[in-house]
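Hi everyone, thanks for coming along this morning. Please have a look at the structure on the screen, and I'll walk you through some parts of it.

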Amino acid sequence: MKVVIMGCSRVGARLAGLLDIEGHSVTILDIDAYSFRRLPPDFAGTALVGDGIDEESLKKAGIEQADAFVALTQGDNRNIMAAQIAKHIFNVPKVVCRIYDPLRRELFNSLGIDALSPTTTFAQMLKDKIEG
Amino acid sequence: MYIIIIGGGKVGFYLAKALLNEGHEILVVEKDAGRTEFICNELGSVCIRGDGCEVSVLTEVGTGRANMFIAVTGDDEDNLVACQVAKHKFNVPQTIARISNPKNETIFKKLGIDVTISSTNIILEYIEQEVPTHPLTHLLAIRDRGLEIVEVKVPPNSPTIGKMIKELSLPPGSILSLIIRRQEKPQVPTAETILQAGDQIIAVTSPEAEEALRTVLRGL
């Protein structure tokens, strides 16, 4: 499977590493090359400096052949925009993004964007931990 | 009309001022506290501090009854999301987004934003008009019909000079509507009008035929 990841955050780098080990073809984009230090030393995929909300950068990253796209930058709106470009412009079959704001996540889920909110999930996990 | 403006920067501020003068009900949503205070001091209590992409903030400002929603922050992605929230959550009839990256124009249209204003493109056009050798200037876009009004200057060395308009193979859908000539009144060209060097031609065309029209008129 070919996967394009936008944002080489800790989560992005870790996801890239996990997919890479399983033999998937991974391309990870970040606007800052310094972020690529987070990638595992034996990462065999492609790390590309570029902006995931820019069509050209996405094309360079091979979005047209991608089976999946994941948007993981720190900005909710950047992730939402990138996910919509991947889904509606490039017709990537599987698109997932991170949206910190739970209400925004709910709205864009209803608009067909598959989004996860770490805020909701993590708060719930913490609650379970304290109560358990 | 009740108009909500997202972003209280220079564009947002002057837009609010102009629309207030026209007698509209205006509310500006601005993230920065200092900027919010400045706008309230200048224009009265028309600005609240908040994130214009957040459903709770937009509920508070009564987006549900807004006639128009204009997002003019400096970030394209914020303008997109704000407009989408307004459109899909609050059913605002008209959403307008400012965009900085001209490439986003088509993307925003596809994602359901009613009107996009590309500030970069507008500035570029104005500067290009001042460049004497600039081959074609966009004057106006009639978006809902897919037409545009452009200006083409006939350069001194063009092979079209001395030819009648009927001799030119204009691309289909392009109409030459006005010729402006030095020391003459503007005239509506006929099939027999002969082109001269320095003629300014105002034409109606489609974005697809623009290139062909330019080539025909300038002969390059």
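Let's begin in chain B, with an open sheet of 4 strands: the order is β7-β8-β10-β9, and the pairing is antiparallel. Before we go on, please keep in mind that this is a predicted model. At the edges of the sheet sit β7 (136-142) and β9 (175-180) of chain B, each of which pairs on one side only. From one strand to the next, the twist averages 20°.

Now pick out β8 (residues 147-153) and β10 (residues 200-205) of chain B. Over how many bridges do they pair? They are joined by 6 bridges, in the antiparallel sense. If you want one pair to click on, find B:Lys153, whose bridge partner in β10(B) is B:Gln200.

Let's step back to chain B as a whole. The chain is divided into domain 1, covering 2-121, and domain 2, covering 130-218. Between the C-alpha centres of these two domains of chain B there are 37 Å.

Over to chain A, and another sheet. Here 6 strands form an open sheet with parallel pairing, and the order is β3-β2-β1-β4-β5-β6. Which strands are at the edges? They are β3 (46-49) and β6 (114-116) of chain A, each pairing on one side only. The twist in this sheet averages 20° from strand to strand.

We can follow some of the pairings. Strand β2 (residues 25-30) of chain A runs parallel to β3(A), with 4 bridges joining them. Within that pairing, A:Leu29 has A:Leu48 in β3(A) as its bridge partner. A helix comes in here too: α1 (residues 10-21) of chain A packs on the sheet and touches β1 (2-6), β2 and β4 (68-71) of chain A. The direction of α1(A) makes about 165° with that of β2(A).

Next, look at β1(A) and β4(A), which pair in the parallel sense over 4 bridges. β4(A) is also joined by 4 bridges to β5 (residues 94-98) of chain A, and these two run parallel. In chain A, α3 (residues 76-89) has 14 residues and reaches 19 Å from its first C-alpha to its last, close to the 20 Å expected at 1.5 Å a residue. Why can we call α3(A) largely enclosed by the rest of the structure? The reason is that 11 of its 14 residues are buried. Among those buried residues of α3(A) are A:Asp76, A:Arg78, A:Ile80, A:Met81 and A:Ile85. After α3(A) comes A:Asn91, with a positive phi near 50°.

Finally, let's see where the chains meet. The contact takes 16 residues from chain A and 15 residues from chain B. On the side of chain B that touches chain A, the elements giving two or more residues are α3 (55-60), α4 (76-90) and α5 (104-110) of chain B. Which of them gives the largest share? That is α4(B), with 7 residues. Sorted by class, this side of chain B has 7 nonpolar, 2 polar and 6 charged residues.

How values were computed: Residues numbered from 1 in each chain as written. Chains lettered and ligands numbered in written order. Predicted model: local features only at pLDDT ≥ 70, side-chain atom pairs only at ≥ 80, totals over all residues. Contact = placed C-beta atoms within 7 Å. Nonpolar A, V, L, I, M, F, W, Y, C, P; charged D, E, K, R; others polar. Domains from an automatic or database assignment. Expected span 1.5 Å × (residues − 1). Buried ≥ 20, exposed ≤ 12 C-beta atoms within 10 Å, placed from the backbone. Pairing = 2+ DSSP bridges. Axes fitted to C-alpha atoms, helices over the stretch in contact; angles between N-to-C directions.
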